[in-house]
Amino acid sequence: MDKQVQDQLKRNLAKWQGHLNQLGPHLTGSYGHVAFIEWLKTELLNMQYDFKNCTQFFNYCEVNCWRLRLQRPDKSFEEIRPIGYVPYSGLTSANGVTGTLTRWKRFDKKKIKNKLVLLDVYPYKTNRRLLYKVYSQLPSRLDLPSKLIHPAITSQHIVTLIKKIRNLGASGIILICHHFPEKLMENNILPFTDTYLGIPTLWINQKNAACLIAAAAQNKKVCLTLTGTYHKKWRTESLAVTIPGTLQNSKSIIISSHTDGPNSIEGNGPLGVLAILKYFHDQKIVPQKSLHFLFISGHSQLSQLGKKEHSATTNWLTHYPEYWDGEKNHQKALLCLTMEHLGSLKFSKENIFYASTHTARKLISHFSKTNQLNNKKILVSPRKCFYLSRTNAYKIPTISLTPLPLYLFQLADKQVTPDSDVMFKQIFYYLELLLLADKDL
């Protein structure tokens, strides 16, 4: 790629990312998300690409206000600042829900009915080997921690407990976040994968929780407010663009990303997919194999739109087997490239390529050697329980560069603005991998 083309691509990315930043949070089905999809359509039409609309319907819970107040002895209320809310946990009226505060005790479950429950949440350490297997490290070996700690992993382990507290009759939950930095957990929307839980739940940090812990010991009352609107059969859509290949062998390659996210890094993968499409258009490149570019909706509401596959992309493939399964007159997908978290590599200690098969790992190794990459790469194969390998369920060889920064699920904020140079390098790697795969697979 010559310098003039690189400079133009960088300018396009800066403009596109600026537009995405202005939209703010774009969770599944939100007005920011709808606007982003409409913008993608316009950009695709400007490049003269036809696209396939894939419409789905789900129940959308839109939150507009959350607050917490502690009752004083004179019956007035003191504001206690929460640091976030659990999406799809539950909604209250504008007056909120008021109840006696109690602390969750594992062996004393009968005393929480109609009360607000304080639940302590500590970082959950996950064995790295349960998530993925390391195959190789390029260009040299790194010392990887045996345990991983991430807010998203921690949050998933409390969903079952939230449901248990709901079933015992509590009227609301306040999650006390222990040991994670306050700045990291501010406006985090975790856990984000479940459908409507039916019990309003807020997050609070340790500092602000001190007065609540004291209040619970004295059986004081708290008012929890989480207002919004619950929309049934809300519409969302995914887009698919195909560039037909010259070879009549029914082989295909998939390039995918999700269009929804709370901030401009978690949801900016489509800009990378769009950049590759523009490169093919401007350079008039005709691939040998058919290329399918997917802009998938549903990542922020996996319980409804990811369904049992636990991946919005995999769920989309379930409905459109003609793109990948090789049956009858269907195309056979040789590879899937998944683009996510663009511009965040400088914040990650490990640049991990999730490569699901020997073919995918061999392709990355060949690419790294021929391009003399200086930064270190770790090739891993995700376990079945680890959904980052988006198409692994259908045994499509998959390469996914997913840095997983710790702030991934924070609502839009300045600290989650992507690094444009890192973003360009990531997209360049994907483009070169795609060109190599089209030629050699």
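**Questions on a predicted model**

Colleague: Why is Cys223 called buried?

Modeller: Cys223 has 1% relative accessibility, and buried means under 20%, so Cys223 counts as buried. The structure discussed here is a predicted model.

Colleague: What makes Cys211 partly exposed?

Modeller: The relative accessibility of Cys211 is 29%. Buried requires a value under 20%, exposed a value over 50%, and Cys211 therefore counts as partly exposed.

Colleague: How many disulfides does a search of the whole structure find?

Modeller: The search finds zero disulfides. A disulfide would need a pair of cysteine sulfur atoms within 2.5 Å.

Colleague: Why is His33 described as buried?

Modeller: His33 has a relative accessible area of 0%, which is set against the limit of under 20%; His33 is therefore buried. This residue is found in helix α2 (residues 31-46).

Colleague: Which residues are in contact with His33, leaving aside its neighbours within four places in sequence?

Modeller: They are His26, Leu27, Thr28, Thr236, Thr259, Asp260 and Ser297. Contact here means heavy atoms within 4.5 Å.

Colleague: Why is helix α10 (residues 312-319) said to be largely enclosed by the rest of the structure?

Modeller: Six of its eight residues are buried, so helix α10 is largely enclosed. The buried residues are Ala312, Thr313, Thr314, Asn315, Trp316 and Leu317. What covers them includes β1 (52-71), β11, β12 (251-258), β13 (290-296) and α9 (302-306).

Colleague: What makes strand β4 (residues 97-103) and strand β11 (residues 221-243) a pair?

Modeller: Pairing needs at least two bridges, and β4 and β11 are joined over four bridges in the antiparallel sense; therefore they count as a pair. Within β11, Leu224 stands opposite Val97.

Colleague: In which sense do β4 and strand β5 (residues 116-121) pair?

Modeller: They pair in the parallel sense, over three bridges. Val117 in β5 is the bridge partner of Thr102.

Colleague: How many cavities of 30 Å³ or more does the structure hold?

Modeller: There are two cavities of 30 Å³ or more. About 40 Å³ of space lies in the second largest cavity.

Colleague: Which helix gives the most to the lining of the second largest cavity?

Modeller: Helix α4 (residues 151-156) gives the most, with three residues. The lining includes Pro151, Thr154, Ser155, Cys177, Phe180 and Trp203. By class, nine lining residues are nonpolar, two are polar and none is charged.

Technical notes:
Residues numbered from 1 in each chain as written. Predicted model: local features only at pLDDT ≥ 70, side-chain atom pairs only at ≥ 80, totals over all residues. Heavy atoms only, no water. Helix = DSSP H or I, 4+ residues; strand = E, 2+ residues; numbered from the N terminus. Buried < 20%, exposed > 50% of the residue type's maximum accessible area, 1.4 Å probe, protein only. 1 Å grid on protein atoms, 1.4 Å probe; cavity = no way out; pocket = protein on both sides within 12 Å on 5 of 7 lines; lining within 4 Å. Points joined across faces, edges and corners; volume = space filled by probe spheres on them. Nonpolar A, V, L, I, M, F, W, Y, C, P; charged D, E, K, R; others polar.
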